[in-house]
Amino acid sequence: METARISTVFCKKRKDRSPCAQRVVRLAEPLLRTVLSGVRPFWARPLLFVKKWATVTTVNGTRAADLRIDISRLGQRLADLAAIGAIEGTEGCARLALTDEDQQGRDLVVTWMRDLGLELSIDGIGNVTAVMPSDGNAPPVMTGSHIDTVATGGRYDGNLGVLAGLEVIETVIAAGLELERPLAVSFFTDEEGARFPPDMLGSLVYVGGMGIEQALEIEGFDGARVGDELARIGYAGSAPLPGRVPHAFVELHVEQGPVLEVEGVTVGAVEGVQGISWQEVTLTGQSNHAGTTPMHLRKDPGFVAASCAAYVRELALKLGKPQVATVGRVEFRPNLVNVVPATATFTVDLRNTDERVLAEAEQAFHDFAIKAAADEGCSISFESLARFEPVSFDESLVSMVESVASELGHGVKRMPSGAGHDAQMLARVCPTAMIFTPSVNGLSHNPAEYTAPDDLEAGANVLLHTMLRLAKEGSPHD
Ligand code: GLV
Ligand code: MN
Ligand code: MN
């Protein structure tokens, strides 16, 4: 700025001022010039350590402790983002990672980030981070999630975490609060893994769990390559990888399951994420005529795939809760009504909070599938698409989420996460926790996914005050 504009501010009507007013302006001018000439707005001044939080007030004179997010602004942004890739006749949306719809969603969120004056960086896997400008070197308190969706996605999965993070930052900026640490919000590439396995790809690369060269070579279920698609949509950035380690990471997400709703609790303080195993199995048999080939002479990979799907369900029931097992994707070739298939390819998703039981489930499935294929005269191959061990979040941060929720008057329950989340990757490098809000009918990965505005507001306010607590304290362990 702006020397010209500063001069205008001070010089205009100077001669109209009283001598006393002129003296005040003369004294204040150098200070204001220093602040304004930094091109930064007032909230970007060096961040100060705030000692007595309870006594801190916002620019409007309300206590910082009474600060709240604006739910109508958050709701509007959720609706605007959901309009991109909207699934007709539903509230849901389809923005598979690195598609044109993903690009349009990214562009919109980036515009909102820039409008708030945040400093943006985009890394080589397309993760976008927006941070409040600060003169210090303190690592930020980070929040975030993802804006890619499955093909039958809801409008809250991931999107809530990103837009609530933006809302928290806008609330803090509007309040003029000074914090010891800046706040940051990120959206990570391809959390869903629905186009490019594994899931949480962007956050995995961010924390150094996979090299960028390997990630760019990943081939999607549709045959596209990550590197090509990133370049095509203009999100192959240059920010360093692995990414900057934040002071702490807190992610707000819808529960995507029924527990909070059934128990009538508003907030989940997430203790960890269960382990995930994704495999792709390919069976090859003998394609033949469906009418002329006697049953005992068939080599039918479709039959083996169906037996495997039935087996993993029985296996999960036998191992008991929390083991879950899903065959979510099956492809027969040539996929015709009157032809015994030549090949069958299917995916198996196994999850458990106990690594030992998860490994047991993988082994049992492997043994069963090999025998079933051999009995039918088919060949079989396995490819691991994703394998993440169970993760426990930082105990003091989980307790902090719990106390913030209680202090804000919400019922809160400690619980594990059944779904995978970017937070489980960030937990590798910094103290991490998650906040859940209820999902109506426990539905997610379904366009009917819904969370009531009151619950969204409660979750976002818990995020706000957890982040404020972390940003004004030296460490989450203080
Ligand atoms: C991601 O949403 C997963 O849990 O599959
Ligand atoms: Mn998600
Ligand atoms: Mn999801």
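**Reading a metal site and a salt-bridge network**

Tutor: H445 is partly exposed, at 39% relative accessible area. Keep in mind that this model is predicted.

Student: Which protein donors hold the manganese ion (ligand 3)?

Tutor: The donors come from D157 (OD), E192 (OE), E192 (OE) and H445 (NE2). They lie 2.1 to 2.5 Å from the ion. In sequence, the donor residues follow the spacing D-x34-E-x252-H. E192 sits in the loop between β4 (183-187) and α6 (201-206). H445 sits in the loop between β16 (432-437) and α14 (453-472), and the two are 253 residues apart.

Student: Is E192 buried or exposed?

Tutor: Buried means under 20% relative accessible area. E192 has 8%, so it counts as buried.

Student: Which residue coordinates both the manganese ion (ligand 3) and the manganese ion (ligand 2)?

Tutor: D157 does, and the two ions are 3.6 Å apart.

Student: How do I read a salt bridge?

Tutor: Side chains of opposite charge can pair when their charged atoms come close. Here, D100 and R232 form one, with their closest N and O atoms 2.7 Å apart. D100 belongs to helix α4 (residues 100-115) and R232 to helix α8 (residues 226-233), so the pair ties together parts 132 residues apart in sequence.

Student: What else does R232 meet in a salt bridge?

Tutor: E229, at 3.0 Å from N to O. Both are in helix α8, three residues apart, which is about one helical turn. E229 is buried at 12%, while R232 is partly exposed at 44%.

Student: Which residues are linked in the network of salt bridges?

Tutor: D100, R195, D222, E229 and R232. The whole structure has 25 salt bridges.

How values were computed: Residues numbered from 1 in each chain as written. Chains lettered and ligands numbered in written order. Predicted model: local features only at pLDDT ≥ 70, side-chain atom pairs only at ≥ 80, totals over all residues. Heavy atoms only, no water. Donors = N, O, S within 2.8 Å, 3.2 Å for Na, K, Ca; no water. Helix = DSSP H or I, 4+ residues; strand = E, 2+ residues; numbered from the N terminus. Buried < 20%, exposed > 50% of the residue type's maximum accessible area, 1.4 Å probe, protein only. Salt bridge = Lys/Arg side-chain N within 4 Å of Asp/Glu carboxyl O.
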